[in-house]
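Q: I am new to this structure and would like to learn how to read its features one at a time. Could you take me through them?

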Amino acid sequence: MMNLPRVGLLLIITIAVASCARQTRKVSYSVKTGTAYKKGKSPKTGRIYNDESNGGFMVNTNYKRKTPPGLIPIEGGTFVMGANAQNSMSYFSKITKKRVTVASFYMDETAVSNRDWLEYLHWIKANYPEDAKMYYEALPDTTVWDRTSRVNSQYSKIYLRHPAFQDYPVVGVSWVQANAYCEWRTDRVNEQILREKGILKEWKEVKESGADGYVPFRTEDYLQGKYKGEQFDGKNMPKDYSLDVEPDSRRTVGIEDGLLIQPYRLPTEAEWEYASVALLANQDGYLTQEKFNARSENRSTRGLIMMNYKQGKGNNMGTAGYLNDGADITAPVRAYEPNAFGLYNMLGNTNEWVADAYQENTYNSTNDLSPAVGFGGGSDLQAMVDSQKPNYEEYLQQKVKDKQQSDIGDPTIDSLDAQLYGISTLISPKSRVIKGGSWDDRSQWVNPSARRFFNKESSSAMIGFRCAMTMTGSPEVISKNMKRASKKQHRSRLKKSK
């Protein structure tokens with residue numbers, strides 16, 4: 001009889017401990033934000049968040065990360081950069097193998113297409129109808145087709161605008177133009193988010209107010225409070241709980257609210273190569289020749305070439321009745337099968353611009369966590385120098401200087417290259433890396449590690465681009481593509497390589 005209460009007591013204690021453990025886990029770590037706090041209350045001061053009576057410190061305690069339009073989340077990790085499958089001496093000496101870690105990020109599922117670029121041109125024409133210079137500077141250089149062949153000059157008039165090519169990758173776009181598109185895309189997506197949520201006036205209201213009621217939206221201007229007033233305010237603007245405002249006052253959205261996206265940008269070379277390798281590497285991080293296969297392994301398409309590149313001298317697509325890759329020039333951005341991350345045409349079709357400035361043996365002295373050279377005009381070499389926050393006067397001077405410099409600054413390159421530019425080298429501060437190989441490249445260039453350079457202000461019929469974005473919060477990604485890759489494709493390839 002005495003054992004029964006003891007058993008009951010032990011059961012009660014076990015349940016209580018388990019309950020406490022669950023509560024402790026729930027309070028101590030929030031999966032959504034990665035922040036330790038009790039919901040709605042500061043763990044350091046005890047003050048209530050989002051309370052108009054105490055000054056209203058605003059905290060989004062229900063933030064949940066969402067994937068922005070067109071992008072796929074790429075879970076980061078370590079791999080050996082430059083571990084190319086080919087050993088061609090034509091470029092092998094220019095690649096330094098180095099193990100690096102790439103932070104999780106987002107990458108465009110496809111390259112930017114002609115239709116995407118025409119949307120960009122249409123917006124410029126609609127919002128700046130009298131600014132002929134702005135429209136002209138955004139136009140791709142269609143004469144790039146003339147440089148491939150006089151017969152191919154026909155594409156200079158039809159490739160960009162004809163509906164038959166609307167899903168083909170845009171070409172003739174320089175690195176500078178690609179960066180301008182990234183900035184424009186950031187503004188359009190943020191504007192769409194704010195209008196859909198009623199924080200800015202809805203599109204219908206804007207149209208009813210006429211042309212004078214619309215001001216081209218810029219994210220930076222919005223964050224500085226320049227879009228506020230009857231002309232802009234939507235019905236769902238968040239309340240302003242500041243102490244010095246009138247009751248029922250409204251405010252604009254800030255970064256702290258978690259609604260605005262991070263800027264679209266070009267991927268770094270490390271990000272691009274990592275996304276292109278796409279879980280094909282062994283556990284040691286090396287991409288082996290056996291795993292790099294241009295032909296499909298899927299049952300329905302087995303043996304067919306799944307990349308768009310030049311098969312051999314004078315052979316861009318095969319013979320009539322049996323075309324090797326089904327394309328003479330470029331192919332649609334969703335042609336062929338996606339890689340294990342769900343990205344289309346990371347290899348072949350067009351080379352792609354990346355953010356990095358080109359230097360030989362680039363990563364000898366750079367950081368091994370998300371390395372980049374010339375990213376935003378700077379470099380990892382500059383970042384390694386101890387820095388000191390400027391005082392307020394210096395900060396104001398730097399803001400004025402940054403505003404005057406409209407172009408992205410060029411990094412300092414090797415002094416010997418600078419002295420020999422135009423004599424024995426074409427590498428200059430304006431050289432940018434291109435990756436992936438194109439429809440007019442042989443197989444040694446259709447490789448994740450192959451790297452070449454091109455002037456950032458020049459363009460080619462063999463170069464396109466796709467956008468990337470920095471990922472916020474936890475680096476872990478829960479993705480159908482990741483699950484499928486890790487459980488099926490990745491394991492099957494590992495078995496085949498043994």
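The dialogue below goes through strands, a helix and a pair of cysteines.

A: This is a predicted model, in which local features need pLDDT of at least 70 and side-chain atom pairs count only at pLDDT 80 or more, while totals for chains, interfaces and linings use all residues. Residues are numbered from 1 along each chain as its sequence is written, and side-chain values use heavy atoms, with hydrogens and water left out.

Q: Which strands form an open sheet, and in what order?

A: Strands of a sheet pair through backbone hydrogen bonds, either parallel or antiparallel. Strands here are DSSP runs of E, at least two residues long, and helices are runs of H or I of at least four, both numbered from the N terminus; two strands pair if DSSP finds at least two bridges between them. In this structure 3 strands form an open sheet in the order β1-β4-β11, with antiparallel pairing. β1 (71-74) and β11 (468-470) stand at the edges with a single partner strand each, so one side of each has no neighbour in the sheet. Between β4 (residues 105-108) and β11 there are 3 bridges, and Met107 stands opposite Ala468 in β11.

Q: Is strand β8 enclosed or open to the outside?

A: Buried means under 20% relative accessible area, exposed over 50%, and partly exposed in between, with a 1.4 Å probe and protein chains only. In β8 (residues 431-435), 5 of the 5 residues are buried, so the strand is largely enclosed by the rest of the structure. Ser431, Val433 and Lys435 lie on one side and Arg432 and Ile434 on the other. β8 runs antiparallel to β7 (residues 351-357), joined by 3 bridges, and also antiparallel to β9 (residues 451-455), joined by 5 bridges. Arg432 stands opposite Ala357 and also opposite Phe454 in β9.

Q: How many residues of helix α5 are buried?

A: An α-helix has 3.6 residues a turn, so residues three or four places apart point the same way. Helix α5 (residues 175-196) is mostly covered, with 17 of its 22 residues buried. Just after α5, Gly198 takes a positive phi of about 75°.

Q: How many disulfides does a search of the whole structure find?

A: A disulfide is a covalent bond between the sulfur atoms of two cysteines, and the search takes a pair of cysteine sulfur atoms within 2.5 Å. The search finds 0 disulfides. For Cys182, the nearest cysteine sulfur is that of Cys467, 3.6 Å away. Cys182 counts as buried because its relative accessibility is 1%, and Cys467 counts as buried at 0%.
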